[in-house]
Amino acid sequence: MNILNKEQLRATDQHTIQVQGIRSWDLMERAARELLKAITREFPHGEFSILCGPGNNGGDGLALGRMLKEKGINTQVFLLESPKYSEDNLENQKLLEEFEVFNLEKLPELWPDSIIIDALYGFGLRTGLGIEWKALFEKIEGRTCLAIDLPSGLLADELTTSPYVKADIVYTFHCPKKAFFAPEHGIESFEIIDIGLEKVGDGNYQYLADVHLLLNQPSRFAHKGTLGQALLVGGSKGMTGAIDLATKAALRGGCGIVKVYGPGCTPDLPSEALVQRDINLEYIKQTPTIDAKTTAIGIGMGMSHNGQEALLEFLSVLPPIPLVLDADALNILAKHPEKIPTGAILTPHPKELDRIVGTSKSSFERWEKAEKLAKKKGIYLIVKGANTHIFFPDGKILVNSSGNYGMAKGGSGDILTGLLTAILAQGYPIEKALPLGVYLHGLAGDIAAETLGHDAMNAGDILTFLPDAWKLLRRRACTTSKYPRRSTEQRELL
Ligand SMILES: NC(=O)C1=CN([C@@H]2O[C@H](COP(=O)(O)OP(=O)(O)OC[C@H]3O[C@@H](n4cnc5c(N)ncnc54)[C@H](OP(=O)(O)O)[C@@H]3O)[C@@H](O)[C@H]2O)[C@@H](O)CC1
Ligand SMILES: [K+]
């Protein structure tokens, strides 16, 4: 799904109007109908107070108000006094029989228990709102508030430090907006409302959807020799849990063989893994040998700074196979950026990225720096967070749509690296392996949160539910393919 900026949204809007032979008013009517469905589904017994602005966001609010009233649902509608209204806003004013006009000196008298619907401003804001808006926004703070398209005052594509509405749910049209991914903005929940806009090709900035389409179907005749061999390198005294988790994730990642290289103190790992230990007890000192059968490498988990010499030596003898660099490998490379190999996959969290590219004042600045680094070095960057971003060397950016805060626990990242390495080892091209691994990891976390709750779940639970995540994706692939090739196992899934 393309993530569009406001200019692209306007162009898509115009294109849809032309191709579908409709008026912009029809699109607004469609938007309001879909909002009505979503809101009454979520709040079947609610009464509503709608605040409408002078543009088309306000027009959506007026149309929704009319539809709620037609359904007999208690609704009050307030319209901001303005010298100018958009055409569709005016048309909807005429269709709505009852509404009150308000301004920032004469604030609306809201029913005490109603749900607030914020339809003041959408993506049409030119600049942030002034402090004169604070009184109104404070009046609605603490009440259940639903924003149409964007919380009013929030700029769609940039950092907003001026006042904006704190909404509980944002019902956003067509695609999420860039501003929703910035932790600074605190957008806790958004729902995408499909209003049938025409798609205009695949853009460079996308929200992950339909990940099941990326799945390979291994042959019935596959054997461990054809499903790839992953090599994981990491661990040090006191940090052996990281390599343990990565190994377990790789073993649930679908590749034929998982090999591990760790220091002498590496504990017993699952029997399925082939473990080799360094002569040094506390950290990796030697360079592991990479046999010709190895098809992907993941390195860095719990390696510690002491592994620096071995890592740099290792990077100088690498074969041309996919390489995932994580955790301490990233911290070491932050001091030797010239040693980052072209084509490598780096999986930093924001702090690890900052060590490589310098600190940033905002997520927007960090995203820009990550994009530049990926292009300049010809590498892939997976910047982990609530919406993990994958930056490609050609400028493409994918934003993950799965995952939850229950995963914000030590060890989650090690699991991602193990999983990604196993997927890459199977021969998935990097362009597919990264979104597949990142999405699956989040999906397993979502199933864990659903089953165990966000608070109690830990990183190991992501491993427990990885099989369910794979099965869910496989099931989606089976049910959406027109002529699926189904194995017996897959038929059973359906
Ligand atoms: N394609 C889609 O996705 C669809 C989108 N739809 C809806 O349209 C919405 C976009 O509508 P929009 O373009 O009319 O903009 P909107 O946010 O209502 O604000 C415009 C008003 O704000 C004013 N204004 C600007 N800056 C200001 C400031 N700093 N401080 C104060 N005022 C300021 C501006 O004044 P002007 O710039 O004209 O002087 C104008 O009066 C979109 O979010 C969605 O809800 C749906 O209907 C269907 C399909
Ligand atoms: K709004």
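**Strands, domains and a ligand**

Guide: A place to begin is a bridge pair: Ile 382 has Ile 390, in β16, as its bridge partner. Bear in mind that this is a predicted model.

Visitor: How do strands β15 and β16 pair?
Guide: They are antiparallel, with three bridges between β15 (residues 380-383) and β16 (residues 389-391).

Visitor: What lies in the loop between β15 and β16?
Guide: Lys 384 is in that loop. UniProt, in an unreviewed entry, lists Lys 384 under "binding site", together with Gly 385, Ala 386, Asn 387, Thr 388 and Gly 413. These residues span 30 positions in sequence, but no two of their C-alpha atoms are more than 13.8 Å apart, so they gather at one spot.

Visitor: Back to the sheet. What is the order of its 10 strands?
Guide: The order is β8-β17-β16-β15-β14-β13-β12-β9-β10-β11, in an open sheet with mixed pairing. At the edges are β8 (205-207) and β11 (274-277); each has a single partner strand, so one side of each is left without a neighbour in the sheet.

Visitor: Which strands does helix α12 lie across?
Guide: Helix α12 (residues 430-452) lies across β14 (345-346), β15, β16 and β17 (397-399). Its angle to β15 is about 10°.

Visitor: Change of topic. How is the protein divided into domains?
Guide: Domain 1 covers 6-202 and domain 2 covers 211-490. Their C-alpha centres lie 40 Å apart.

Visitor: And how many residues are in contact between domain 1 and domain 2?
Guide: Six residues of domain 1 are in contact with six of domain 2. On the domain 1 side, the residues that touch domain 2 are four nonpolar, no polar and two charged.

Visitor: What does UniProt list for residues 9-203?
Guide: The unreviewed entry gives "domain: YjeF N-terminal" for residues 9-203. That span is 32% helix and 16% strand, and its end C-alpha atoms lie 12 Å apart.

Visitor: Which feature does UniProt place at residues 207-473?
Guide: That one is "domain: YjeF C-terminal", also from an unreviewed entry. Residues 207-473 are 39% helix and 13% strand, with 17 Å between the end C-alpha atoms.

Visitor: What about the sheet of seven strands: which order do they take?
Guide: The order is β3-β2-β1-β4-β5-β6-β7; the sheet is open and the pairing parallel. The edge strands are β3 (100-102) and β7 (190-193), each with a single partner strand, so one side of each is left without a neighbour in the sheet. From one strand to the next, the twist averages 25°.

Visitor: How many bridges join β4 to β5?
Guide: Three bridges join β4 (residues 115-119) to β5 (residues 145-148), and the two strands run parallel. Ile 116 stands opposite Cys 145 in β5.

Visitor: Where does α2 lie?
Guide: It lies across β5, β6 (169-173) and β7, and α2 runs at about 135° to β7.

Visitor: Now the ligand. Which residues come nearest to ligand 1?
Guide: Of the 28 residues around ligand 1, the nearest are Gly 55, Asn 56, Asn 57, Gly 122 and Gly 124. The elements giving two or more residues to the shell are α1 (6-20), α2 (24-42) and α3 (56-70).

Visitor: Which of these gives the largest share of the shell?
Guide: That is α3, with five residues.

Visitor: And what is the shell around ligand 1 like by class?
Guide: The shell has 12 nonpolar, 12 polar and four charged residues.

Definitions and conventions:
Residues numbered from 1 in each chain as written. Chains lettered and ligands numbered in written order. Predicted model: local features only at pLDDT ≥ 70, side-chain atom pairs only at ≥ 80, totals over all residues. Near = placed C-beta within 6 Å. Helix = DSSP H or I, 4+ residues; strand = E, 2+ residues; numbered from the N terminus. Nonpolar A, V, L, I, M, F, W, Y, C, P; charged D, E, K, R; others polar. UniProt positions renumbered as here; feature names shortened; annotations may be inferred. Pairing = 2+ DSSP bridges. Contact = placed C-beta atoms within 7 Å. Axes fitted to C-alpha atoms, helices over the stretch in contact; angles between N-to-C directions. Domains from an automatic or database assignment.
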